[in-house]
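Q: I'm new to this one. Can you walk me through it?

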Amino acid sequence: MQSIISYKDRGNFGNSSYRGNCSGYVIKDLLEHFFPTSKPKKFVEIFSGGGTGRDVAKALNITNSLHLDINNGWDALEDEIPSGSDFVFSHPPYWDIVKYENERGYFNTNDLSNNMPYEEFIKKLNKINAKIYCSLVNGGRHAILIGDVRKKGKYYSIIKDMDWYGELESHIIKIQYNCVSDNKVYSNNNFIPIKHEHLLIFKKNDVLVVNIKHNQEIKTNILNSISATWRDLVQATIEYYKGKATTEQIYEFLKKSKKAKNNNFIREKIRQVLNTNSNFYKLDNTWCLNIG
Ligand SMILES: C[S@@+](CC[C@H](N)C(=O)[O-])C[C@H]1O[C@@H](n2cnc3c(N)ncnc32)[C@H](O)[C@@H]1O
């Protein structure tokens, strides 16, 4: 196995018409890579969907495997993950991109593909990933396959936003084929289409200590920044004033900034920045941006 995988056909594993299924070769290659000469003690597949992993296990003569999905009556949010496995493969819904209610034919309130805010989806996925991690034996692995999402022009990186449990052993890029979105005609095609998924492999390396990586977004104001230079601050101010600002407007705006607190000559500093940077030029009484 290498850090880029690409399977044009999905092999004869599971239900090929199950929406959002994955190629059986992903699971087969993982099992053959991590268990080249032996069989896993216990292989657990979470979000088993159309039976891809079950058929792979059969093909590899793995008898001690479990394939769990809400569609066969097992709920990852509420039910216990069977413990003692040394390999878990999980392939969760990519938020609500494919609605599994339609595959099943009935609604289940705990389906991760239900309509829900992104933050709620991430919270639920974190809960399941934590449960999977705890269920592993020490030295066991959790391989999770998941894609990114673009919705209403916004890009969502699920792997970036979810918590990571254990030690990241590999990050594999899987080339994506045959997406429903391939045939979609977009009114605005000024974006880079998503043609890959992520396969992350986490290893449990300690019985008691759990390594958790949690990604947090912090919003701050450039006026509170000490990394921004005076040139950056002046540029942001002129942009804020829609491309034109007087020296006085820039001064009034920036005198509240963190940088200004350590400078007794703000007016002089602003004038110097305006006069010595090619980013700015003067038109009548206002300063304009010379970029773009
Ligand atoms: C991306 S699909 C998995 C496809 C599978 N790898 C295959 O090849 O067919 C995601 C699956 O997650 C299941 N699912 C959604 N929420 C769940 C939950 N709370 N518990 C268990 N399964 C859930 C859906 O029923 C769906 O089958």
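A: One term to begin with: a residue is buried if 20 or more other C-beta atoms lie within 10 Å of its own, exposed if 12 or fewer, and partly exposed in between, with C-beta atoms placed from the backbone. Helices (H or I, at least four residues) and strands (E, at least two) are DSSP runs, numbered from the N terminus.

Q: What kind of model is this, and how are residues numbered?
A: This is a predicted model: local features need pLDDT of at least 70, side-chain atom pairs count only at pLDDT 80 or more, and totals for chains, interfaces and linings use all residues. Residues are numbered from 1 along each chain as its sequence is written.

Q: Okay. Which residues of α9 are buried?
A: Ile 270, Val 273 and Leu 274. Down the axis of α9 they fall within an arc of 95°, so they line one face of the helix. The arc is that of the directions from the helix axis to the C-beta atoms.

Q: And what does the face turned away carry?
A: In α9, that face has the exposed residues Glu 268, Gln 272, Asn 275 and Thr 276.

Q: What covers the buried residues of α9?
A: The cover includes α6, α7, β13 (280-283) and β14. Contact here means that the C-beta atoms of two residues, placed from the backbone, lie within 7 Å.

Q: Let's take α7. Which residues are buried there?
A: Helix α7 covers residues 247-254, and its buried residues are Ile 250, Phe 253 and Leu 254. Their arc around the axis is only 85°, which puts them on the same side of α7. Glu 248 and Glu 252 are exposed on the face turned away from that buried side.

Q: What covers the buried side of α7?
A: Among the elements over the buried residues of α7 are α6 (230-240), β12 (244-245) and α8 (258-261). α9 (266-276) and β14 (286-289) are also included.

Q: Zooming out, how many helices and strands are in the chain?
A: The protein chain has 9 helices and 14 strands. Its radius of gyration is 26 Å, well over the 19 Å that the globule rule gives for 292 residues, so the chain is more spread out than a compact globule. That radius is taken over C-alpha atoms, and the rule is 2.2 Å times the number of residues to the power 0.38.

Q: What does the C-alpha trace span?
A: About 80 × 50 × 35 Å along the principal axes.

Q: How is the chain divided into domains?
A: Domain 1 is 4-213 and domain 2 is 222-289. The bounds come from an automatic or database domain assignment. Taken over C-alpha atoms, the domain centres are 49 Å apart.

Q: What share of the residues is buried?
A: Buried residues make up 32% of the 292. As for contacts with a separation of 6 or more, 67% join residues 24 or more positions apart.

Q: You named Thr 52. Which residues of α2 are buried?
A: Thr 52, Gly 53, Arg 54, Val 56 and Ala 57. The buried residues of α2 pack against α1 (24-34), β2 (43-46), β3 and β4.

Q: What follows α2?
A: Asn 61, whose phi is positive, near 60°. Asn 61 sits in the loop between α2 (52-59) and β3 (65-68).

Q: Is Asn 61 buried or exposed?
A: Exposed, with 7 other C-beta atoms within 10 Å. Lys 242, in the loop between α6 and β12, also has a positive phi, of about 60°, although it is not a glycine. Lys 242 is exposed, with 8 other C-beta atoms within 10 Å.

Q: Last one: where is Ile 70?
A: In the loop between β3 and β4 (85-90). Ile 70 counts as buried, with 23 C-beta neighbours inside 10 Å. Not counting residues up to four places away in sequence, Ile 70 touches Asp 75, Asn 108, Asn 110 and Asp 111. Ile 70 and Asp 111 are 41 residues apart in sequence, yet 7.2 Å apart in space, C-alpha to C-alpha.
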